[in-house]
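Please view the sequence and the structure below before reading on.

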Amino acid sequence: MNHPAYPASQAPRPPRRLASFELASVPGSERVALARVAQSVAGLNLPSGRLENLKTAVAEATMNAIEHGNGNRSDLTVDIEVFFSGTEITVAISDHGGRGDAGWIDGGEVPDLARKLRGEQGPRGWGLFLIRNMVDRLEVTASGERRTVWLAMRTQAPQAAGPGQEE
Amino acid sequence: MDEAPGLGVRKADGRTSVIDIKGDITAASEPALMAAYEEAARQRARRLVLNFSDLEYMNSGGIGMLVTMLVRANRQHQELAAYGLSHHYREIFELTRLDEAITIYDDERSALAG
């Protein structure tokens, strides 16, 4: 598979590729994605809470790639790569649907449960909200037919600054 | 005890039914989840307690299903409660503010007493 260019903003130092695989754009591939990503980072001592968050973000981003990127076309793959920089895991999830604008990430309404319960928003639309809140950084790049979502997570949660400490 | 397909529904007392969720809750779970809701309504439940102890995976589509159920329950003046959520899914309930609309308990006993 062709690899997307690793964005400079995601690279504190040259990363090591831990895994690279493709999945068909079919329902259930998101479960395969989260299991394989979890397997690839198993040796990195990621705290369990952060691992669960990463798995959720990977599954949601893979579903987005299948449904919105590839338009549920089973002949189009979702390509997934996992990198490790020493302190940070980055997962790149690419679709090939030709919807190359990266602007979708800023679009859409923020889900609001109160508004949903009043019928002012539909009940769905939680995917991007979950992704944003599960990882430390989210970025989207686009090149030709390929759009890539980059999910970055430090292996340790940042410590809150205490007295005499700088953040 | 009548059971909705895929999800068990138990009448706990005169006003409370427990829906035992098993496996995955995703958008594909809508028929099973809504059938379970209907079964609880047939049992004349005023309180529906969702048992997540055997939940394996829930995604954004599943959260959407819970919101749909919540809208229906609110219309019928029914109360929703839950127990058995893992730490991760408790955090997701807090993040989405579902915990403000669905009271979360640690176990079935406290959920039924609530």
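In chain A, five strands form an open sheet in the order S1-S2-S3-S5-S4, with antiparallel pairing. Strands (E, at least two residues) and helices (H or I, at least four) are DSSP runs, numbered from the N terminus, and two strands pair if DSSP finds at least two bridges between them. Because strands S1 and S4 of chain A stand at the edges with a single partner strand each, one side of each has no neighbour in the sheet. On average, neighbouring strands of this sheet are turned by 15 degrees against each other, direction ignored. The model is predicted: local features need pLDDT of at least 70 and side-chain atom pairs count only at pLDDT 80 or more, while totals for chains, interfaces and linings use all residues.

| Strand of chain A | Residues |
|---|---|
| S1 | 16-24 |
| S2 | 77-84 |
| S3 | 88-95 |
| S4 | 137-143 |
| S5 | 146-154 |

S4(A) and S5(A) run antiparallel and are joined by seven bridges; A:Ser143 stands opposite A:Arg146 in S5(A).

Helix H1 (residues 29-40) of chain A lies across S1, S2 and S3 of chain A and runs at about 165 degrees to S1(A). Axes are lines fitted to C-alpha atoms, for helices over the stretch in contact, and angles run from 0 to 180 degrees between N-to-C directions.

The contact between the chains takes 15 residues from chain A and 18 residues from chain B; residues are in contact if their C-beta atoms, placed from the backbone, lie within 7 Å. On the side of chain A that touches chain B, H2(A) gives the most, with five residues. Residues are numbered from 1 along each chain as its sequence is written, and chains are lettered from A and ligands numbered from 1 in the order in which they are written.

Technical notes:
Two residues are in contact if their C-beta atoms, placed from the backbone, lie within 7 Å.
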